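The points are grouped by topic after the structure.

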Amino acid sequence: MKDFSEQLSDTLTDFSKNLYTKLDEISESTANTLKKDISENSPIGSREKLRKSWKIAKGSFAGLTHHFTIHSSEYRILHLVENGHVMRNGKRLEGSHFMKKAADKIIPEYEKAVEKAVQE
């Protein structure tokens with residue numbers, strides 16, 4: 001028969017594994033949703049290079065924590081479109097801030113989903 005400390009340890013280990021799995025699923029679905037939103041709202045341009053260039057990279061830290069990075073291979077264009085720039089004729093084009101808008105929309109949803117997973 002297990003003593004109390006072993007039972008507690010087993011219970012906490014099971015809880016942390018279940019929570020880790022739930023948080024990983026939530027993070028992955030949020031990353032996919034954010035990528036889709038950013039891709040749909042990217043400025044089109046002549047060849048749609050920016051719109052087609054979005055990718056998700058999954059990484060790990062210390063073997064446990066997974067994180068997702070949404071990035072574009074067209075980072076040179078992305079910086080100009082997101083933050084604005086001065087054209088050759090001296091006129092300033094304002095940035096569209098489409099990435100910030102998408103992130104601001106999805107972060108509260110992600111936080112609510114994480115809180116719900118922790119409370120279950």
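The chain exposes about 9000 Å², and carbon and sulfur atoms supply 57% of that area. The model is predicted. Buried residues account for 22% of the 120 residues in the chain.

**Fold and overall form**

- Four helices and four strands make up the secondary structure of the chain.
- In sequence order, these elements follow the pattern α-α-β-β-α-β-β-α.
- The chain is more spread out than a compact globule, because its radius of gyration is 21 Å, well over the 14 Å that the globule rule gives for 120 residues.
- The C-alpha trace spans about 80 × 25 × 20 Å along its principal axes.

- Of the contacts between residues at least 6 apart in sequence, 45% join residues at least 24 apart.

**Helix 1**

- Helix 1 covers residues 4-41, a run of 38 residues.
- From its first C-alpha to its last, helix 1 reaches 55 Å, close to the 56 Å expected at 1.5 Å a residue.
- The buried residues of helix 1 include Leu19, Ile26, Ala31, Leu34 and Ile38.
- Asp24, Ser27, Thr30, Asp37 and Ser39 are also buried in helix 1.
- An α-helix has 3.6 residues a turn, so residues three or four places apart point the same way.

Technical notes
Residues numbered from 1 in each chain as written. Predicted model: local features only at pLDDT ≥ 70, side-chain atom pairs only at ≥ 80, totals over all residues. Heavy atoms only, no water. Helix = DSSP H or I, 4+ residues; strand = E, 2+ residues; numbered from the N terminus. Expected span 1.5 Å × (residues − 1). Buried < 20%, exposed > 50% of the residue type's maximum accessible area, 1.4 Å probe, protein only. Rg over C-alpha atoms; globule rule 2.2 N^0.38 Å. Contact = heavy atoms within 4.5 Å. Areas by Shrake-Rupley, 256 points an atom, 1.4 Å probe, with all protein chains shown as cover.
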